[in-house]
Amino acid sequence: MDSIVSSSTILMRSYLTPPVRSCSPATSVSVKPLSSVQVTSVAANRHLLSLSSGARRTRKSSSSVIRCGGIKEIGESEFSSTVLESAQPVLVEFVATWCGPCKLIYPAMEALSQEYGDKLTIVKIDHDANPKLIAEFKVYGLPHFILFKDGKEVPGSRREGAITKAKLKEYIDGLLNSISVA
């Protein structure tokens with residue numbers, strides 16, 4: 001079993017089992033207090049992390065799901081009915097679970113989806129799960145925004161990257177004014 005001391009570079013290895021080289025999904029992390037012998041070599045308030053394979057992971061990972069409270073997440077099969085056949089403008093946000101900027105603007109997008117209500121529909125499309133849409137709309141950076149009205153992309157509506165809520169609101173207001181939606 002490999003042991004790693006937190007907040008330190010000390011690594012202690014048991015010679016009875018082979019070293020753990022990486023954490024697999026079946027790896028658990030547990031915290032054990034240091035023995036009196038270990039305390040002499042490390043500060044008294046540090047803990048020993050023990051990696052033992054074969055057990056379940058105790059930490060929950062939330063990065064595999066894109067949470068969309070008021071914003072609907074759609075896929076390739078729903079794109080036509082939700083975006084192209086919509087009676088009102090639809091702002092499509094292309095995102096990914098691994099995208100830091102996408103996570104950063106999530107609260108602003110949620111707030112704006114509530115604020116615009118019936119004037120604008122906002123939907124999210126997962127980049128990794130919808131490769132055909134990514135290729136069709138040539139989405140090269142994330143987050144990526146495209147506004148659709150009457151089944152067509154509004155010219156000049158593409159925007160890429162994280163921006164503040166105020167700038168996002170300014171961007172959306174400008175688009176809605178350009179297509180005459182009050």
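Which helix holds the place of Thr 82? Select helix H2, residues 76-84: Thr 82 sits there. Helices (H or I, at least four residues) and strands (E, at least two) are DSSP runs, numbered from the N terminus.

Before moving on, some ground rules. This is a predicted model, in which local features need pLDDT of at least 70 and side-chain atom pairs count only at pLDDT 80 or more, while totals for chains, interfaces and linings use all residues. Residues are numbered from 1 along each chain as its sequence is written, and side-chain values use heavy atoms, with hydrogens and water left out.

**Stop 1: Thr 82**

Stay on Thr 82. Its relative accessible area is 16%, so Thr 82 is buried. Buried means under 20% relative accessible area, exposed over 50%, and partly exposed in between (1.4 Å probe, protein chains only). Now show its contacts (heavy atoms within 4.5 Å). Leaving aside neighbours within four places in sequence, Thr 82 is in contact with Lys 72, Ile 74, Val 90 and Val 123.

**Stop 2: the annotated cysteines**

The UniProt annotation "active site" covers both Cys 99 and Cys 102. UniProt positions are given in the numbering used here, feature names are shortened, and annotations may be inferred rather than shown by experiment.

Take Cys 99. Look for Cys 99 in the loop between E6 and H3. Cys 99 counts as buried, at 4% relative accessibility. Not counting residues up to four places away in sequence, Cys 99 touches Leu 142 and Pro 143.

Step to Cys 102. This residue is in helix H3. Cys 102 is buried, at 4% relative accessibility. With residues up to four places away in sequence not counted, Cys 102 touches Phe 94, Val 95, Ala 96, Leu 142 and Pro 143.

**Stop 3: helix H5**

Select residues 165-178. This is helix H5, with 14 residues. From its first C-alpha to its last, H5 reaches 20 Å, close to the 20 Å expected at 1.5 Å a residue. The expected span is 1.5 Å times one less than the number of residues.

Color the buried residues of H5: Leu 168, Tyr 171, Ile 172, Leu 175 and Leu 176. They cover an arc of only 130° around the axis, so they lie on the same side of H5. The arc is that of the directions from the helix axis to the C-beta atoms.

What do these buried residues pack against? Show strand E6 (90-95), helix H3 (100-116), strand E8 (144-149) and strand E10 (159-160).

Turn to the face of H5 away from its buried side. There you find the exposed residues Ala 166, Glu 170, Asn 177 and Ser 178.

Finish just after H5. Ser 180 takes a positive phi of about 60° there.
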